[in-house]
Amino acid sequence: MNSGLPNCPECESEYTYVDEKMYVCPECAHEWTMDESTDDAGADGILVKDSNGNLLQDGDTVTVIKDLKVKGSSSVVKVGTKVKNIRLVEGDHDIDCKISGIGAMKLKSEFVKKV
């Protein structure tokens, strides 16, 4: 694991490392500055990753990886539920979305994976 370093923007390798003020990918030999990696953040400057470390953006489709109880209700969001057109927000629950059959919800990115 690369302990928080960004994946390579060319080949998506997770084995990047730091060389002075540059990130380097050992798999494809791509090099980029640390300033360029912050450009991956959304329009609001929010950087959110899913459970697998993939960068999420507004409008993405994600899949729920764990049964989630809906607070204040007896409903459950089942594993494998696809959620379309997510919106990234700041805070503990960093995804705003609408789930059919349940309605508007906030999700934590650690419980979803990008489709």
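Arg-87 and Asp-96 form a salt bridge in which the closest N and O atoms are 2.9 Å apart, a salt bridge being a side-chain nitrogen of Lys or Arg within 4 Å of a carboxyl oxygen of Asp or Glu. The model is a predicted one, in which local features need pLDDT of at least 70 and side-chain atom pairs count only at pLDDT 80 or more, whereas totals for chains, interfaces and linings use all residues. Residues are numbered from 1 along each chain as its sequence is written, and side-chain values use heavy atoms, with hydrogens and water left out.

**Salt bridges around Asp-96**

- A search of the whole structure finds four salt bridges, and Arg-87, Asp-96 and Lys-106 are linked in a network of such contacts.
- Asp-96 counts as buried, at 16% relative accessibility, while Arg-87 counts as partly exposed, at 46%; here buried means under 20% relative accessible area, exposed over 50%, and partly exposed in between, with a 1.4 Å probe and protein chains only.
- Asp-96 also meets the side chain of Lys-106 in a salt bridge, at 3.8 Å from N to O.
- Because Lys-106 lies in strand β12 and Asp-96 in strand β11, this pair ties together parts that are ten residues apart in sequence; strands (E, at least two residues) and helices (H or I, at least four) are DSSP runs, numbered from the N terminus.
- Lys-106 is itself partly exposed, with a relative accessible area of 47%.

**The Asp-92 and Lys-108 pair**

- The side chains of Asp-92 and Lys-108 meet in a salt bridge, with 3.5 Å from N to O.
- Asp-92 lies in the loop between β10 (87–88) and β11 (95–99), and Lys-108 in the loop between β12 (103–107) and β13, so the pair ties together parts that are 16 residues apart in sequence.
- Asp-92 counts as exposed, at 53% relative accessibility, whereas Lys-108 is partly exposed, with a relative accessible area of 24%.

**A three-stranded sheet**

- Three strands form an open sheet in the order β9-β6-β13, and their pairing is antiparallel; two strands pair if DSSP finds at least two bridges between them.
- Strands β9 (82–83) and β13 (112–114) stand at the edges, each with a single partner strand, so one side of each is left without a neighbour in the sheet.
- Strand β6 (residues 62–64) runs antiparallel to β9 and is joined to β9 by two bridges, and the bridge partner of Thr-63 in β9 is Lys-82.
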